[in-house]
Amino acid sequence: MRFDTPVTSVDDGSGPRLEGPFRSPAQMLADQSYDGHNSVHDDATAASLGLAGAPIEAPTHFSQIDPLAVARWGEVWFERGCVSCHFRTMVVEGEQVQATLTPTGETTATVEAHKADGTPVLAGTASIGAEPRETELGRRLAALGDPGELFVIDRLAVGMRSSAPETATLTRDERNGDSYPFSLDEKLARITEPHPWYTADGGASSPWGRAVVPFEMISVLANKGRVDWPVRSPSLGLFLDLEVALRRPVFVDQPYVLERELVGLSQSRRTESYWTRTTITDADTGELTATVLLHSGVFKESYPGYPRDRLT
């Protein structure tokens, strides 16, 4: 199994790594709404926060890692792969991005992505295997201390769980709500790294006899339905970190049960943020299929009730 993506093996003296080509990922969240208003992915809203442009949804960059991981480990990537990344710089449509993977062991690697001018986009880890693994987000989560006084996410508490399990299915034609106003087929028409196993026709030729969900769309599945944390609004959020860890392939048109737990709280100069772990369980077999760890930030200045003297 290989992507058509050209993957280059490079060794510049610092150790061998795999590089993909520069790609120009597409912006597909311009019509996203967030708590009934436009999101940070809208140009005007982004400008109101002093951003250079409306950022592309961060999980989009995971697709550029997939061909590198498959070149390293083969089809097991879609069975027991894990990608765990800290997003460092926003990307706007028209900018080019290149991903790299540097092996650190038989089943582990570091991953990075950067813009054409060298600006870092993301950094993290990739690995395969069902055993407990050290990941970029695992390290970051373990290092959290007291978040300090909070004003936007002050009603959240570590250990909170979603009110009830939800069943969700990623279909081909259905758009995925206000947060993801596009369908899987619409995403596949613009994905940076296409593969036949993602498609209706080509999925039958996969080792599992059906189409698999690209890594970047697994986070969409994990966020389907109602994420009911009591974050104060109106406020504007964005993804800061994301980890997707598989125990088995995630399939198109398969129902999954989603359960969420709040596992961390933190803040930075501009954001308050919270960490959500979502378990994705096969609704038919009851088997754990994947876990998604998402670190979500909320811009302090976007919340009208935030104390102005606390903004620096």
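**Ground rules.** I count residues from 1 along each chain as its sequence is written, and side-chain values use heavy atoms, with hydrogens and water left out. As the model is predicted, local features need pLDDT of at least 70 and side-chain atom pairs pLDDT 80 or more, while totals for chains, interfaces and linings use all residues.

**Strands.** I took helices (H or I, at least four residues) and strands (E, at least two) as DSSP runs, numbered from the N terminus. Two strands pair if DSSP finds at least two bridges between them. I began with S11 (residues 255–267), which runs antiparallel to S9 (residues 166–169) with four bridges. There I found threonine 167 opposite valine 257 of S11. On to S12 (residues 271–282): eleven bridges join S12 to S11, again antiparallel. Tyrosine 256 faces aspartate 282 in S12, and a hairpin of three residues links S11 to S12.

**Serine 219.** Is this residue buried or exposed? I find serine 219 in helix H6 (residues 215–222), and it counts as buried because its relative accessibility is 1% (buried is under 20%, exposed over 50%, partly exposed in between, with a 1.4 Å probe and protein chains only). Not counting residues up to four places away in sequence, serine 219 touches Pro59, Tyr180 and Leu242 (contact means heavy atoms within 4.5 Å). A polar atom of its side chain lies 3.2 Å from the backbone oxygen of glutamate 216.

**Glycine 148.** I looked next at the loop between helix H4 (136–142) and S9, where glycine 148 lies. Glycine 148 counts as partly exposed because its relative accessibility is 39%. From glycine 148 to aspartate 185 I noted 37 residues in sequence and 43 Å in space, C-alpha to C-alpha.

Key:
A polar contact is a pair of N or O atoms within 3.5 Å; within protein, one must be able to donate a hydrogen and the other to accept it, and residues adjacent in sequence count only if both atoms are side-chain atoms.
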